[in-house]
Amino acid sequence: MFIRSLLSANVLPLRCFSSSAINVLKTGDILRQARIFTNEDVLEYSKVSHDSNPMHFDSELARNAGFKDRLVQGMLVAALFPRIISSHFPGAVYVSQSLNFKLPVYIGDKVAGVVQAISLKENKKRYIVKFKTSCFRNDEILVLDGEAMAILPTLAVEQVHSME
């Protein structure tokens, strides 16, 4: 159920390519998807991850700690990155991810995840791709950044179909 909700609810795929209409990934190309994080997302993620930090469930506690309201788990927000990559490259293997949490994400926030190819290397008929990763709240405020590495079976970018 949790996986189904991650795959369907509130996800808006967007794509931006610097390459030609063939849609082959090149250095500098950007892939993005946006979603709105809900109370249900936070509850379901907590069940799977066993993250019971009260900052995710108690508004008063979160406000007393200096936040606007309850927080979305940072790792739930970061889950946008492998989703973006795997939705465009089925069979991709996510190898590594560095994360820098800059600002909080609150329930109800629209967050855009962005991955930009910064290096590509062919290795045994597969491709090792390094991505710059970023998440933006309301399309402008950087809340999370880092880098990811993935092994792709191809550089052909697949069209993302709505899963609703």
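How many residues lie between S4 and S5 in their hairpin? There are 2 residues between these strands, and Lys124 in the turn has a positive phi of about 55°. The structure is a predicted model, in which local features need pLDDT of at least 70, side-chain atom pairs count only at pLDDT 80 or more, and totals for chains, interfaces and linings use all residues. Residues are numbered from 1 along each chain as its sequence is written, and side-chain values use heavy atoms, with hydrogens and water left out.

**Overall architecture**
- The protein chain contains 5 helices and 6 strands, taken as DSSP runs (helices H or I, at least four residues; strands E, at least two) and numbered from the N terminus.
- Along the sequence, these elements follow the pattern α-β-β-α-α-α-α-β-β-β-β.

**Strand pairing** (at least two DSSP bridges between two strands)
- Strand S4 (residues 110–123) runs antiparallel to strand S5 (residues 126–137), with 12 bridges joining them.
- Within this pair, Lys132 in S5 stands opposite Gln116.
- S5 is also joined by 11 bridges to strand S6 (residues 141–152), again in antiparallel orientation.
- Leu142 in S6 stands opposite Phe136.
- A hairpin with 3 residues between the strands is formed by S5 and S6, and Asn138 in its turn has a positive phi of about 55°.

**Burial, contacts and surface**
- Of the 164 residues in the protein chain, 38% are buried, that is, under 20% relative accessible area with a 1.4 Å probe, protein chains only.
- Contacts (heavy atoms within 4.5 Å) between residues at least 6 apart in sequence join residues at least 24 apart in 66% of cases.
- The accessible surface of the protein chain is about 8800 Å², with 55% belonging to carbon and sulfur atoms; the area comes from the Shrake-Rupley method with a 1.4 Å probe.

Definitions and conventions
Buried < 20%, exposed > 50% of the residue type's maximum accessible area, 1.4 Å probe, protein only.
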